[in-house]
Amino acid sequence: MNRISDKIEIRQETADDFPEVFTINRSAFGQDNEAKLVEALRNNPKVFVPELSLVAAVRNKIVGHILFSRIQIIDSMGSIHESLGLAPMAVTPEYQKKGIGGKLVRKGLERARGLGFNAVIVLGHEHYYPRFGFKPAAKWNIKAPFDVPSNVFMAIELVKGGLKNISGTVRYPNEFETV
Ligand SMILES: CC(C)(COP(=O)(O)OP(=O)(O)OC[C@H]1O[C@@H](n2cnc3c(N)ncnc32)[C@H](O)[C@@H]1OP(=O)(O)O)[C@@H](O)C(=O)NCCC(=O)NCCS
């Protein structure tokens, strides 16, 4: 019971956390782009879901952040299916590989399910996200809007059949173009 991940609290971020969230993203990614992406998404009420911007806190220090925002899947008929994208997520380098990222993902998926979302799409490490149940999005004929190896573009159904009859190309909010 003395693992650091046992002392971690996952909670919704508040405005007081914004500077620390910026710093965590900058230090984890080694650049400002993702930190600025989080700020831009927060300022777009059409895609930002406050309940799905979560921080990991150990005592009062924020050491991780995860964001899920609204995205769309456009099918071959041009129909729009609303969905959710996981991006970005970051854990302060000194706190990585201690299970904090995993806690953020699991709590985020649970909350997203509770909010009624059916699925989550992620572009990420092929060996990391499958442990949470993500599978290549190609399984549902869901494609990225850019060229990526198919095993890094993944999806998870939050409810049984959450992606049934949903296929097409993901459309990310314009804010992602700056990353
Ligand atoms: C990805 C990240 C959020 C994971 O957070 P974390 O708290 O270290 O995650 P956990 O402790 O739950 O899991 C660690 C596992 O992730 C794996 N992992 C981390 N980065 C990885 C990478 N670039 N490629 C493959 N696996 C990776 C570790 O190898 C480890 O695997 P193990 O459990 O088999 O040892 C963190 O490493 C990070 O901030 N990375 C930099 C930013 C980033 O790449 N974000 C994700 C893309 S949006």
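Let me begin with a term: a strand, as I use the word, is a DSSP run of E with at least two residues. With that in place, I can say that strand S4 gives the most to the lining of the largest pocket, namely 6 residues. The model before you is a predicted one.

The largest pocket holds about 880 Å³ of space. Besides S4, the elements that contribute two or more residues to its lining are H1, helix H2 (33-42), H3 and strand S5 (119-123). The lining comprises 32 residues, and those nearest the centre of the pocket are Phe 29, Met 89, Ala 90, His 125 and Tyr 129. Sorted by class, the lining has 20 nonpolar, 6 polar and 6 charged residues.

Where does the ligand sit? The ligand is found in the largest pocket.

Let me turn to the shell around the ligand. There are 17 residues around the ligand, and the ones that come nearest are Lys 97, Gly 99, Gly 101, Gly 102 and Arg 131. Which element supplies the largest share of this shell? The answer is S4, with 4 residues. At least two shell residues come from each of helix H1 (18-29), strand S4 (80-91) and helix H3 (100-114). In terms of class, the shell is made up of 9 nonpolar, 5 polar and 3 charged residues.

At Gly 99, a backbone N or O atom lies 2.7 Å from a ligand oxygen. At Lys 98, a polar backbone atom is 3.1 Å from an oxygen atom of the ligand. At Gln 96, the side chain takes part, with an N or O atom 3.3 Å from a ligand oxygen. As for burial, the ligand taken alone exposes 890 Å², and the protein buries 69% of that.

Finally, the second largest pocket. About 200 Å³ of space lies within this pocket. Its lining includes Asn 44, Lys 46 and Val 47, together with Arg 70, Ile 71 and Gln 72. Glu 82 is also part of the lining, as are Arg 171, Tyr 172, Pro 173, Asn 174 and Glu 175. Here the element that gives the most is strand S3 (residues 61-74), with 3 residues. By class, this lining divides into 4 nonpolar, 3 polar and 5 charged residues.

To close, I return to S4: this strand gives the most to the lining of the largest pocket, and the largest share of the shell around the ligand also comes from S4.

Conventions. Residues numbered from 1 in each chain as written. Predicted model: local features only at pLDDT ≥ 70, side-chain atom pairs only at ≥ 80, totals over all residues. Heavy atoms only, no water. Near = heavy atom within 4 Å. Polar contact = N/O pair within 3.5 Å; in protein donor to acceptor, adjacent residues only side chain to side chain. Areas by Shrake-Rupley, 256 points an atom, 1.4 Å probe, with all protein chains shown as cover. 1 Å grid on protein atoms, 1.4 Å probe; cavity = no way out; pocket = protein on both sides within 12 Å on 5 of 7 lines; lining within 4 Å. Sits in = over half its atoms within 2 Å of the grid points. Nonpolar A, V, L, I, M, F, W, Y, C, P; charged D, E, K, R; others polar. Points joined across faces, edges and corners; volume = space filled by probe spheres on them.
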